[in-house]
Structure formats: C-alpha cells, structure tokens
Amino acid sequence: MSPEMNHSHDDHGEGGVPFLPDHFVKELAVITLILGILFFLATLMPAPMGLPANPLKTPLGIKPEWYFLSVYQILKYVPKTVGIAWSFLIFPPVLMIFPFFYRFYARYKYGRLIIHTLGALGVFLAVFLAALAYLGFE
Amino acid sequence: MRLGVLDFLDERLDVRRISREFAEHRVPDHVNWLYCFGGITFLCFMVQAATGILLAFYYQPSVSTAYPSVLHIMDGLPFGVVIRSLHAWTANIMIIMVIVHMLRVFFHGAYRPPRELNWVTGVLLFFMTVTFGFSGYLLPMNQLSYWATKVGSEIAGAMPFVGQYIQAFLLAGNKIGDDTLTRFYGIHVIILPIVLSMFLAAHFYMIRKQGIADPL
C-alpha cells in the first residue's frame, strides 16, 4: 500500500485513544444498551404466532416484509420487467462498484456533492415508496 | 523458573503480540457514536447465532410440523417465547442497523480509495442479511410466512428470461411445500451463516488493515 493510499491514522502512533480500556468501555456500554433494548422488546412485545399457513385462504392486504416494500411499490408504477431489472440487475451492481470511480468524479468541484445528493434522493425515494406501500396506496 | 500458562502459550502461539495488537491499537479521535452501527450489526448477528442455534434444536422443517414445532417452542419450552421473540426482533433491528451503517459510511465518504473493496464486501453483507430475513420469514409456516414467500417468489419469477428458473430454484418446485421449507432452512441455517461469516472476517480484516477512514 503506497503512503498516499493509506488515509488511516497510524495505529500505534500518538493520535487517538487506546482500544483498551478507553474505547472498549464505551463499546461495553453500547452492547449493554442494545441487549437491554432487545430483551425489552422480546419480553414485552413477543413475536406473534399468527394463523397456520393456508394456501386456500388469501389474507387481506398481503405485503412483503418492510425491507422489500419499496421494491414492491415500484412494481406498481413501472412495467414489471423494468422495475425488476432495476431492483435486481442494475441497482445492486451500481451500488457495489461506484467507489471505484471515486478518483474520476472527485476531480470535479461538485462531483462528490452530486454523488451524495443522488444517494440522499435515493434514500428519500425508498423511504417514501415504502411508506406508500405500508399505507396501502396503489 | 516459573512457567505460567501465558508463557507456555506465548512461546508457541505468540499470544502476547496478538493480544497487544488487539488491546493497544489506537482508535482515532474523530470516532464518535455514529461509528457504532457496524458493531451493533455484528452484535445482532451474534444474538441471532445464539438464539438461532437454540431454535434449531426444536424446529422441524416440514409443512405439517413447522407450525406446531414453533408453537411448542413458544408454549412448551422454558424461555421459548423470549428466545424466538429475540430472534424475530433482532432480525429486524439487524437489517435497520446494516442500513444505518451503510448510510454512515456513504455520507462520510468512507468508501473512497483505498477502501472500495470493503464497501463491496459490505454491500454483499447487506444483501446476505436481507436474504437471511427472507428465508427465515417462511420457517414458522404461518399465514404471513406463506403469503410473503409467495409474493416474494412471484416477484423473482417475473424477472426477464431467468425468472421462472430462479423461482423454481427458490421454491424447489412450483409451489411452497416440504422441499421449499427444507431449502429455505438449509439456506438460512447452513449456507448463509458460513458465507456471511467469511465475508464478515474479510470485512473486519480490511478495517484493521486499512484503519478507520478520516473524515471528509
């Protein structure tokens, strides 16, 4: 790794705080808090069992799990092939490889701003579509 | 001459250097609470492994036994309700934490060179986590599981050209049955835990190797 590639702090230099005990104590606090929240939810709001699966009886308003709601909603507005091609064949690879073009777009004054704005718009759109699906809009 | 356990291990496995590397590495000053979501995701994964193993002792993946076996976990076993509820809640919170972690990395620009490969493993870990959720959702074999899986597999089935093959592969046939359950179960408790653990190891190795990114 060339020196200009390595943006990290020197792990054993003067900067920062030692992992033990300084940082680790904070991590323990977060672990305790999260486990507390999980046990709180699991004991006070146990997972429902629901009715056994019945292929002959379609329940009203079936929806996918919340993390698929935005994809589910897109498919109502665009042709199925387009929506699925976007959700499964275009979006994931683009999301995966865009950092490899960083040196290209960061050369431009607003390059980074544009990428981050696109990201923010994408997040906003996904949340908006999921909310529409959750509320049952067609 | 006093030879302790630590000396014994140190001579053979160099444990002092490894533990020093773990304990004394320094965490940069700009690390604040926004940086904790990846770690919380890992914590969720460990909770899922622990509760999931306990559930696997009693769960029976077939159309006629799945629902009654989960009911037995809930009603007939000590703390069964808590174990299953922890598993269900943590699944959702894990996905939320992955998303928040990704957003943090994205808007901090922490994906930029030399950390592109860690972003790639992270995106793959996100998709694996979602697949974990999707495959686990069917297992209790209640109305929600059945119809969510039906809708989900139909969406996959509508993919151009390959859709019908993907749907047939997912369901292990043309409808949700015993083979679908064992397929989802195998993906959920064998394939995904192994593959996700390997990618996690790579993810963590790269964090230690490349350090935590400086702020933009």
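The C-alpha centres of domain 1 and domain 2 of chain A lie 31 Å apart in this predicted model, the former domain covering residues 17-47 and the latter residues 55-135, with bounds that come from an automatic or database domain assignment. Because the model is predicted, local features need pLDDT of at least 70 and side-chain atom pairs count only at pLDDT 80 or more, whereas totals for chains, interfaces and linings use all residues. Residues are numbered from 1 along each chain as its sequence is written, chains are lettered from A and ligands numbered from 1 in the order in which they are written, and side-chain values use heavy atoms, with hydrogens and water left out.

Most residues other than glycine have a negative phi, and most peptide bonds are trans. In chain A, the peptide bond from A:Leu20 to A:Pro21 is cis, with omega near -5 degrees, and A:Pro21 is placed in helix H1 (residues 19-44); helices here are DSSP runs of H or I of at least four residues, numbered from the N terminus. In chain B, B:Pro113 and B:Pro114 are joined by a cis peptide bond with omega of about 10 degrees, and B:Pro114 is located in the loop between helix H5 (80-107) and helix H6 (116-138).

Positive phi values are found at B:Phe79, near 65 degrees, and at B:Met141, near 55 degrees.

Conventions
Helices (H or I, at least four residues) and strands (E, at least two) are DSSP runs, numbered from the N terminus.
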